[in-house]
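My notes follow in the order I looked things up.

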Amino acid sequence: HFESAYYIKLLAADKPGVMADVARILADQGVSLEAIRQRPSTDRDGAATIVLLTHRVKEGALDTAIEQMNALETLFEPVHRIRVESLG
């Protein structure tokens, strides 16, 4: 099973409970976060861009979490992810 850290980007409704839903999905799949950043989007009213950096996680667990996040009505577009490679 492949493991890596990931950079995840979400465009979500900027309202209470959205981050809690995302965090619960990640926790249920055993995905631990190293960093979180949220900033208002200039593209849409009431939207926020949320950027997450995970610790190393099994790819299958992250696939399941992303599938569940994509089902949230509070996300405006599919989740984007980039694998983070270590050069050390």
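**Fold.** I started by counting elements in this predicted model: the protein chain has two helices and five strands. Reading from the N terminus, I get the order β-α-β-β-β-α-β. I then checked the radius of gyration, which is 13 Å against the 12 Å that the globule rule gives for 88 residues, so the chain is as compact as a globular protein of that length. The C-alpha trace spans about 40 × 25 × 20 Å along its principal axes.

**Contacts and surface.** I looked at contacts between residues at least 6 apart in sequence, and 71% of them join residues at least 24 apart. Buried residues come to 35% of the 88. For the accessible surface I noted about 5600 Å², with 48% of that belonging to carbon and sulfur atoms.

**Core.** Which residues have the most contacts inside the largest nonpolar core? I found Leu-10 and Met-69, in a core of 21 residues. Strand 1 (3-13), helix 1 (18-28), strand 3 (47-54) and helix 2 (59-70) each put at least two residues into this core. In general, nonpolar side chains tend to be buried together in soluble globular proteins. I listed the partners of Leu-10 beyond four places in sequence: Val-22, Ala-48, Thr-49, Ile-50, Leu-52, Met-69, Leu-75 and Val-79.

**Surface patch.** Next I went looking for nonpolar side chains on the outside. Tyr-7, Ile-82 and Val-84 form a nonpolar surface patch, with about 240 Å² of accessible area together. I placed Ile-82 in strand 5, residues 80-84.

**Two residues side by side.** Thr-54 sits in strand 3, while Ile-36 is in strand 2, residues 33-40. They are 18 residues apart in sequence, and their C-alpha atoms are 9.0 Å apart in space.

Is Thr-54 buried or exposed? Its relative accessible area is 0%, so I wrote it down as buried. Skipping residues up to four places away, Thr-54 touches Ser-4, Ala-5, Tyr-6, Ile-8, Val-31, Ser-32, Leu-33 and Glu-34.

Is Ile-36 buried or exposed? I have it as exposed, because its relative accessibility is 53% and the cut-off for exposed is over 50%. With neighbours within four places left aside, Ile-36 is in contact with Met-19, Val-51 and Leu-52. I also see Leu-52 among the contacts of Leu-10.

Note on methods. Residues are numbered from 1 along each chain as its sequence is written. This is a predicted model: local features need pLDDT of at least 70, side-chain atom pairs count only at pLDDT 80 or more; totals for chains, interfaces and linings use all residues. Side-chain values use heavy atoms; hydrogens and water are left out. A nonpolar core is a set of buried Ala, Val, Leu, Ile, Met, Phe, Trp, Tyr and Cys residues joined through side-chain atoms within 4.5 Å. Buried means under 20% relative accessible area, exposed over 50%, partly exposed in between (1.4 Å probe, protein chains only). Helices (H or I, at least four residues) and strands (E, at least two) are DSSP runs, numbered from the N terminus. Contact means heavy atoms within 4.5 Å. Patches are made of residues with over 30% relative accessible area and no salt bridge: like charges are joined within 9 Å, nonpolar side chains (Val, Leu, Ile, Met, Phe, Trp, Tyr) within 5 Å. Accessible areas come from the Shrake-Rupley method with a 1.4 Å probe; for residues, only the protein chains shown count as cover. A salt bridge is a side-chain nitrogen of Lys or Arg within 4 Å of a carboxyl oxygen of Asp or Glu. The radius of gyration is taken over C-alpha atoms; the globule rule is 2.2 Å times the number of residues to the power 0.38.
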